[in-house]
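Subject: Structure for your review

Dear colleague,

Please find the structure below, followed by an account of what was found in it. I would be grateful if you could read the account with the structure open beside you.

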Amino acid sequence: MGLAACGIQFGKETSSMYGLIGKFTATDENRDALIRILLDGVSGMPGCLSYVVASDPADPNAIWITEVWDSQESHAASLAMPSVQEAIGKGRPMIAGMERIAETRPEGGHGLDS
């Protein structure tokens with residue numbers, strides 16, 4: 001089966017999309033609650049093409065977040081949205097650590113328009 005049959009798309013050489021991969025470490029016993037806050041606070045973010053929140057099966061406190069935005073500016077603007085600010089306020093006490101693993105330039109993929 002070819003990549004095209006899987007729905008994988010390849011972008012243009014000059015992609016303007018912006019991506020982030022991050023890791024949150026929740027305080028003990030708070031991972032599920034923090035995941036709910038992260039998922040509830042992300043609806044309706046203009047320019048957000050993909051926002052995936054995943055638990056780490058090897059670490060009971062780790063959460064991985066993978067984001068794709070139409071631009072870096074859209075990501076920056078989202079941080080000022082009331083729903084995002086509310087999620088940050090609710091989630092902050094449950095966060096033991098945060099790491100920005102990688103900043104990326106998505107070129108395309110299943111579900112992403114190039």
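**Salt bridges**

The structure holds 3 salt bridges. Please bear in mind throughout that the model is a predicted one.

One of the salt bridges joins Lys-90 to Glu-86, with their closest N and O atoms 3.2 Å apart. Both residues belong to helix H3 (residues 82-91), where they are 4 residues apart, about one turn of the helix. Lys-90 has a relative accessibility of 47% and counts as partly exposed; Glu-86, with a relative accessible area of 48%, is also partly exposed.

Another salt bridge links Glu-103 and Arg-100, and here the closest N and O atoms are 3.5 Å apart. Glu-103 is partly exposed at 45% relative accessibility, whereas Arg-100 is exposed, with a relative accessible area of 54%.

A further salt bridge is formed where the side chains of Arg-105 and Glu-107 meet, at 2.9 Å from N to O. In this pair, Arg-105 is exposed, its relative accessible area being 52%, while Glu-107 is partly exposed at 30% relative accessibility.

**The sheet**

In what order do the strands of the open sheet lie? The sheet has 4 strands, arranged as E2-E3-E1-E4, and their pairing is antiparallel. Strand E2 (48-55) and strand E4 (95-104) stand at the edges; each has a single partner strand, so one side of each is left without a neighbour in the sheet. From one strand to the next, the twist averages 15°.

**A residue in a loop**

Which residue other than glycine has a positive phi, near 70°? The residue is Glu-29, and its phi has that value. Glu-29 is found in the loop between E1 and helix H1 (31-40). Is Glu-29 buried or exposed? With a relative accessible area of 78%, Glu-29 is exposed, because a residue counts as exposed when this area is over 50%.

Yours sincerely,
A colleague

How values were computed. Residues numbered from 1 in each chain as written. Predicted model: local features only at pLDDT ≥ 70, side-chain atom pairs only at ≥ 80, totals over all residues. Heavy atoms only, no water. Pairing = 2+ DSSP bridges. Helix = DSSP H or I, 4+ residues; strand = E, 2+ residues; numbered from the N terminus. Axes fitted to C-alpha atoms, helices over the stretch in contact; angles between N-to-C directions. Buried < 20%, exposed > 50% of the residue type's maximum accessible area, 1.4 Å probe, protein only. Salt bridge = Lys/Arg side-chain N within 4 Å of Asp/Glu carboxyl O.
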